[in-house]
Amino acid sequence: MVKTIFEKSVAGRKRTDIACFDGLEVVSPEAPPELRREAPLPLPEVAEVDVVRHYVGLSQKTFGIDSGFYPLGSCTMKYNPKVNEEICAQPEWACLHPEQPVETAQGALRLMYELQEALGEISGMKAVSLQPAAGAHGELTGMLMFRAYFRARGEARPVMIVPDSSHGTNPASATIGGFEVAHLESDERGMVTLDALKALCAKHGESNIGGIMMTNPNTLGVFEQEVREIADYLHSIGALLYYDGANLNANLGYVRPGDMGFDLVHFNLHKTFSTPHGGGGPGSGPVGVCGRLAPFLPYPLVAKDGEGYRFAKPEETIGRMKLYYGNFLVMVRALVYIRTLGREGLKRVAENAVLNANYIQERLKDAYDIPYYQRCMHEFVLSADRQKKMGARALDIAKKLLNDGYHAPTIYFPLIVTEAMMIEPTETESVETLDAFCDTMLRYAKEIGEDAEKFKELPNLYIQHLDEVGAARNPVVRWIPGE
Amino acid sequence: MPYIPNTDADRRKMLETVGVKTVEELFSVIPDGLRLKQELDIPPGLPETELWLYFKQMAAENKVFCGSRTFAGGGVYSHFVPSVVKELAHRNEMYTAYTPYQPEVSQGMLQAIFEYQSFVCLLTGMEASNASSYDGGTAMADAALMARSITKRSRTLFPRFIHPQYREVVATYSLGLGIEDAQLPVREDGALDRSALTAELAKGDVAALVLQVPNYLGFYQEDIPSLMQEAHDAGALVIMAIYPFVAGVMKTPGELGADIAVFEGQALGLPASYGGPLLGGLATTMKHIRQLPGRIVGKTGAAFGREGFVMTLQAREQHIRREKAASNICTNEALAAYQATVYLASIGKDGFHRIARKCEDNAHYAAEKLDEVKGLKRAFPQRAFFNEFAVMLEEPAKLEPVRRKLLGKGWLPGIPLEDKFPELPGGLLLAFTEMHTRETIDAFVGDLKEALNG
Amino acid sequence: MATLRFAKTHEYIAEDGGVFTVGISEFAASELGDITFVELPEPGAAFSQGDRFATVESVKAVSDVYAPVDLEVLEANAALTDSPETVNSDAHGAGWFAKVKPTNPAQLDGLISETDYSAMDKEAH
C-alpha cells in the first residue's frame, strides 16, 4: 500500500531547530482565548533523511522533459534551460519583496519592461501586461477587456465565437468573462472559413458579435489561410479578435498575430518561452494588445520615465487580475531565454519546430490516418481510427508509449478528430529521438495488426488501470488523521 | 543555435523525407501578405558568459533586504527556507513534468499534490482542497464565485481591513458577471461595525461574508462565533482567509465554522519572489466539493490490488465542461504547492508550531519596544495580534524621510499604509518572522528612534 | 405495466397508472459509460420541452439531459446521489431521474414509441 508522508510519521521525530525556540511553549499566550489552539495540528514528524528519501522516491515516479521525449501537442514541451533556473534563483531576484520601494527594485522593473517590449515586438502588439498567471488567466483578462471596451462604447455584444477545434479554456474563459459562446464549425481542411463565419454572425445578428477566439496555427497544426479576411470582416462589423498564444512557437520571426489582425494576444511563457511546467504551473500568461485596447489593460504595467522605471495604471484599466505584478520569477526565466536566442535564434526555433513536426507526420502517414493531412506547422493530429477497428484505440497506444519510456502525445483533442493523437515534438529534440519515436509508432501499427490484445499488455507500468470511476464516485482527496 | 540539436545534415535528411528543398518552403503555407519581411527588433542572442554579465548588471540595480533586515509583510513574508527544501523542490523530474493527465507516469507528482491537499485540509480544518490557485487574491475570487454558485445569490461582504488587493481582484472577476460587493466599516477601535453587517444581510442576496484572520493589519477578528451564526442564519456562507502560520496558534477555519477557506501560501517555503509565483490555497467541505474550482487529486485502486493517485472530478473542469465550467483554470501553481509540501514535511509538527510562536513572540517583543518610542503609536492597541501590526507616526509627514533613512541603513521598514487606508495617515505595517532575533529588533527600533527623533 | 415513450435525445418519459417518470434510455446510459454523478432538478421546478433539466457526469464527459415534454418536477430520485451507477444498471427502472407532471399532455403523442425507439438507428444521432 502507498504510504504518504503522514503515514511515515513517528511521534517525537523532528529536524534541527530553525531558530532559537527556547522558552516558547506551543500554546500561545497572545491569541484570544476563544480562538486559541490548545492541541497542536497532527502534521507529520519525519526525520530529514526519510523526508529526502520520500520525495526523491516521488520524483523517480514522475516523468518530466528531463526524463524523456514529451510530444504533447498544444503544450510545447521544449527543453527547460538550466541557466534560466540558476539566474532566477539568485537572491537579487528571488528575495525582492513586492512592496519594497520602486527605487530599490529598478532591476526588476527594467526586466519586466524589457520583457513587455520583447513580447510586443514578437507579436506585433502595442502594449503588454505581464500580470496574468497562466494562459487561461490571460484569456479571462482578454474577455474582461473586450467587455470593458464594448461597455465604454455603449455597445452590448454578448456573443463570443469559438471554433469547434478550440482548447476547453477558450469557451470557459468566454463564459466567465460574461459572453455567450457560439460554436463555429471548421471546414474539411480543418480551418475556419469566412463564409461559415459570416453565416454564424448573421444568425446571431452582426451587431451582437463581440468577437472570435482563435489560435493560428490552429489545434490541428494548420495555418488558418483566411485569417486576414476574417479579421477584416469582424473589424468591419465592430467585433474584436482574440489570439490564443499556445501555438506561437510556429510563428516566431515569421509571422505576427498583430499583422494577422488580432486585437489581443495571450502568451504562454511556459510553452513558447521554455519556462518549466512544474507539474501544472507556475506558468505565466501575459497579454498583448493593439492600441485601442491598451487603456483597458490590468494594472500595474511598467513604464519607462527618463532614466528610471515606474509602475503605471492604464486610464480605463479593468483592475487587477491577481496580487502584485504577475509570476515574476517566471518572467526572469523567459527574458533570459529571449536574450539567449536573440532575433536569429527565435526564427530558428520556429523553423526547426515546423520541420520536426512535418518529418514525423511524413514518417507516420502511411501507418496511421491523418484526416486533415496537409503541410503542417509545429504540430499535427493523427487518428487511430484504423487501429481502433483492429482492436486498439488511441488510449491504448498512449499507454503503450508510457510503458516504453515516452510520454504520450495529447489524446482525444481536438474534438473534431476521432481517436485523436496530437503530436508536437518541438525544436529541442534531436533527429535520433524523432526517429526512435517514429520507429516505435510504426512497430505499434504492425503489432496491433498482428495481435491487438497482446499489444495492450503493459509489463513495465507498475501502476496501471487506475480506477477513475471509483475515484469520481467516492472521492478520497486527503489523508484523514486517525484513519 | 542554443537548445536546437539539428545540424545542417539533419535538416537535409528531414527535408528530403518531407519532400521540400528548404525549410523556408515549409512556411509557404503563410500567405505572403502576412509574412514578416524584416527582422524582429530584438537584440542578437548572447553567449552564456555575456548572458550572465547582462543579468548580473540588471540584478545589481535591485537592493535586496534578506531575512532579518526586512519587516515587510502584507501577505508575502520572509521566512527561512531550509536547504533541503530548495534541493528537493528542484528535482528535474518534478519541475519539468507536465500536468499529470497520464497518471501511470505521474504517480510522484500526483502523490505530492495529494499530500499538499492533505496539508491544506489540516491547516484549514476543511475536507477538500484543490491543487492550488494562482494566489490568495484569485483564491478569494474563486471562493466568492463558489459561494455565488452554491447559494444562487450574488453579493459578497468584505470587512474594511481585508487585504486591499483581494477586494480588487474579486471586483475585476465580478466584471464579467456584473456584480458589486459591499464593504463593512469598522469602529474606532478596529472592531467590525455589527450594525452595518446586520443591515447588509437584511438587504438580502448575500452569498458570503468574508473574514480575514489575521486581517491585513495583523489583528484577529473578534466575535467569530456570533458572526458565523448571524451570517449562516441569513443563508450566507462564510469564507475565511488566513495566514498559514496562524493555524499554529489559532483554531482552524473549519473548527470555527467557516464554509470555505482561502490563504496565500507563499509563507510555506517560497521566496518573496517580487510577488510571484505565489500559492493560492482554496478548501471547502465535501458538501461543496463539486463547486470547488481547480484540479483535485484523489486516491484510488489500480490493477493487481495496488493503490495510486489520479486527477479526479475532472467533469468540473474546463477541458470537459468547456463553456459550462465553473472556472477556466488549467495551469495553476503546482510546483509551488509541491515546494510547500516539502517545506511542511521538513519542518514538521514541532517546527510549524514553534515557528508560529516565534513569529508571534518576536512581534509582541517589538510592539513593547515600539511602545517606548516617542512620536509613534500603535494603530489598534486594543486588538490582539499575531505576527504583524500597524503603527502610526504622530507627524505623518515624517514617514517618508524616516523610511529613507532606514532604507539607507539597510532595513526594509515595513509597508506604508496611507495610500491603502487614508484613515491611517503616517501608518506603517510591520511584520515579524522567525528570521528576526531580539538583537535585530533592538537594532531596528534604535535606528527607527534615531530617524524619527534624533 | 409502464408505457415508455422516448425523445430523439434519448430521454424517456414513463407512464404507470397516471404517474409520470423521466430518465435516460439504456442506450444513452451505455453510451455514457460509467456514470459518476447525476445533477437533478429541484422539486417544483418547471421546464419546457427541450430545456436542459439535469446533467450526467462520467469520468471524461458531462452530458445534458433534456426535458422530453413541458413538465413540472414533483420529486427527484435522491438515491442517485449515493449510487449514480444505478443509472447504468437499471436505466428504465430504479435509475429514474424524476417524477414529473406533464404540463402539455398533447406533446406525449409526438414522442417515439418503445418499439420504434428499439428499431431506430441510434448511431445516426
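## Basis of the description

Residues are numbered from 1 along each chain as its sequence is written, while chains are lettered from A and ligands numbered from 1 in the order in which they are written. Because the model is predicted, local features need pLDDT of at least 70 and side-chain atom pairs count only at pLDDT 80 or more, whereas totals for chains, interfaces and linings use all residues; side-chain values use heavy atoms, with hydrogens and water left out.

## Chain C as a whole

Chain C contains four helices and 10 strands, where helices (H or I, at least four residues) and strands (E, at least two) are DSSP runs numbered from the N terminus. Along the sequence these elements follow the pattern β-β-β-α-β-β-β-β-β-α-α-β-β-α. The C-alpha trace of chain C spans about 35 × 35 × 25 Å along its principal axes. For 125 residues, a compact globule would have a radius of gyration near 14 Å, and the 13 Å of chain C agrees with this; the radius is taken over C-alpha atoms, and the globule rule is 2.2 Å times the number of residues to the power 0.38.

Of the 125 residues of chain C, 46% count as buried, a term that means under 20% relative accessible area, with exposed meaning over 50% and partly exposed lying in between (1.4 Å probe, protein chains only). Among the contacts in chain C between residues at least 6 apart in sequence, 58% join residues at least 24 apart, a contact being heavy atoms within 4.5 Å. Chain C exposes about 6000 Å², and carbon and sulfur atoms supply 48% of that area; accessible areas come from the Shrake-Rupley method with a 1.4 Å probe, and for residues only the protein chains shown count as cover. Chain C carries 7 positive and 22 negative side chains, and the centres of the two sets lie 3 Å apart. In this count Lys and Arg are positive and Asp and Glu negative, while His and the chain ends are not counted, and the place of a charge is NZ of Lys, CZ of Arg, CG of Asp or CD of Glu.

## Chain B as a whole

Chain B has 15 helices and 13 strands, and its C-alpha atoms fill a box of roughly 80 × 55 × 50 Å, taken along the principal axes. Of its 454 residues, 68% count as buried, and residues 24 or more positions apart account for 71% of the contacts in chain B with a separation of 6 or more.

The accessible surface of chain B comes to about 14600 Å², of which 52% belongs to carbon and sulfur atoms. The 47 positive and 55 negative charges of chain B have mean positions that are 2 Å apart.

## Where chains A and C meet

Four residues from chain A and eight residues from chain C take part in the contact. Together the two chains bury about 490 Å², 57% of it on carbon and sulfur atoms; buried area is the accessible area (1.4 Å probe) that two parts lose on being put together, summed over both. On the side of chain A, Glu468(A), Val469(A) and Arg473(A) supply 86% of the area buried against chain C, more than any other three residues.

## A covered helix in chain A

Helix 12 of chain A, residues 394-403, is mostly covered, with nine of its 10 residues buried; among them are Ala394(A), Ile397(A), Leu401(A) and Asn403(A). The buried residues of this helix pack against helix 11 (385-389), strand 11 (410-411), strand 12 (420-423) and helix 13 (431-455) of chain A. After helix 12 comes Gly405(A), whose phi is positive, near 90°.

## Backbone details and a buried serine

The peptide bond from Gly281(A) to Pro282(A) is cis, with omega near 0°, and Pro282(A) is found in the loop between strand 6 (264-266) and strand 7 (287-289) of chain A. Another cis peptide bond joins Tyr299(A) and Pro300(A), with omega about 0°, and Pro300(A) is found in the loop between strand 7 and strand 8 (301-305) of chain A. Thr76(A), although not a glycine, has a positive phi of about 50°, and at 1% relative accessibility Thr76(A) counts as buried.

In chain B, Ser346(B) is placed in helix 13 (residues 334-371) and counts as buried at 6% relative accessibility. Leaving aside neighbours within four places in sequence, Ser346(B) is in contact with Arg15(A), Val51(A), Pro82(B), Val84(B) and Val85(B).
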